[in-house]
Amino acid sequence: MDALLKLDATELATQVATGAVTALAATQATLAHLAATEPKVGAYLSLDHAGALLAATQIDTARKAGKPLGPLAGVPVALKDNLHVQGSPTTCASRILKGFVAPYDATVTARLKAAGAVILGKTNLDEFAMGSSCENSALQQTRNPWDVSRVPGGSSGGSAACVAARSAFVSFGSDTGGSIRLPASFCGLVGYKPSYGRVSRYGLVAFASSLDQVGPFARSVRDVALALKVTAGLDPLDTTSSAQPVPDYPALLARDLKGKRVGVVREYLDKLPNRQVANLCQAAIARMQALGAQVVEIKLPHADFGVQVYYVVASAEASSNLARFDGVRYGLRVPADNGIRAYFSTRGEGFGPEVKRRIMLGTYALSAGHYDEYYGKAARVRTLICRDFDQAFAACDLIATPCAPFPAFKAGEKSDPLSMYLCDVYTIPASLAGLSALSLPVGFDAGGLPIGMHLSAPAFHDDKLLSAAHALEQDLHADQSLQLDRTPSL
Amino acid sequence: MDLTTVKQVAKLARLNLTEEEAARLAADMIRITEHIEQLGKVEVKGVEATIHPVATRNQWRPDQIAPSLPRETATGNAPESEQNFFKVPPVIE
């Protein structure tokens, strides 16, 4: 593997800016590496070779002309295939969007381009971002670069797999209940779900609008901080984007955790069946203590109902958002002599089994006679979950829990939808409360599979969360025995 | 939750299901709704619903005329279009 590919995005951008490396060389090296790894990993659904090479050449020309470069100049980036890149397909890994070409850039895409990022292509996902293993893609199976017999996690599985395989320096995904954090945990990356409203969702195909957030995957916290800095902030095209100022996240990263209070839910660690996950998280929490943090025991009694609340709320919102796929304005249309029959058959043939399950569940939860029992109830329990966090954050600055109950599992292992839903037990509560949250690699299990720890902070404490994660990350990386600088052998 | 309910909900959701799919969905949804019904254990008397996670207001942009997608681009992905209109099979018989 080209030594260039071992750099993180921050270092690569610095080297491109000084002229030590050209954007073209970085892009060509990534494309060459990707050509070798993709047959095994299958992270990408589409690639734009010509566009990437052109963008890289333009960066190099601008540098030679002495023009100012953006903070991500020359950094090869991949985007989940539910984010629009003008002129490229957006499939959402669904048959119903076959042939769809995005007529405009998502705001995240536009901001990445403006920052000098080189867009390589679009990555695989569970269909419409509904799933936890990437196996619900109707188009392709993506494998975990650490063990290709295992899943990369989902739903942003392709975005995680490409960065882990060194086939992109940074990628973006979307996170509704854990869709960035879970695959980051499974693939040994930092995966960041910004506070709800921190990053514009314009140009993201909507799944559950009270939960969806766009966020980055990277190999280091400082890369995530950089990616967040260039993409966050108010967007006139997204009414849910926040007007709160965007701090200089990379400049705020700390080296220690003095004065920080870390909340720990004792039962999560004590009762976790997978002891290797629990022990690695426990060890990371002990390191935080050694770095000056104070560990505080907290309770999140209603978080135990997070999965149930999530599957009602997210499915209800999805059933409404996915009504737009009607075979009239874009994508698949199954021919019929009558428009209504075409509507039914297009959706029947276009959507895969999990998407149908969620639409059905959501429609049922919102239907007359069941609304109060399902949606109404779930929305009230959601309030109790939010209150639990309010109380917890009165006593601590951030919360540390496992990110997933287990490392990446074998492809095909979880055929039952309910057991798949339970993968997200630790990530869902933060989504329901709109918190900032991330997964940070804390080590490998005995089988060599990466393990992530989940850190969360109140909404719009993104800077404090990243800063604390950075301090812990530096300490973890200094410990050679953890081998966190390892790369998967493909 | 039973097969009849599944078929009724599929109609509301505008989804064609094969008999096999409907039977499978009924089995799945019985298990999933049973799991969700654990929410019955939670006391929510007097608790307001949370529809949105953070208490921010909508950010409206100024109501100004600005360039938008050209019509041919907006209709460019349509399965069928004519003179920049979306074309659909007859709906009223």
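I looked up C92(A) and found it buried, at a relative accessible area of 0% (buried is under 20%, exposed over 50%, partly exposed in between, with a 1.4 Å probe and protein chains only). The model is predicted, so I note that local features need pLDDT of at least 70 and side-chain atom pairs count only at pLDDT 80 or more, while totals for chains, interfaces and linings use all residues. Residues are numbered from 1 along each chain as its sequence is written, chains are lettered from A in the order in which they are written, and side-chain values use heavy atoms, without hydrogens and water.

I then searched for disulfides, pairs of cysteine sulfur atoms within 2.5 Å, and the count over all chains is 0. For C92(A), the nearest cysteine sulfur is that of C134(A), 12 Å away. C423(A) is also buried, at 0% relative accessibility; its sulfur is 11 Å from the closest cysteine sulfur, in C403(A), which is too far for a bond.

**Backbone.** I checked C134(A) next: its phi is near 75 degrees, a positive value in a residue other than glycine. C134(A) is buried, with a relative accessible area of 1%. N84(B) is partly exposed, at 31% relative accessible area.

I also looked for cis peptide bonds and noted one that joins G154(A) and S155(A), with omega about 10 degrees.
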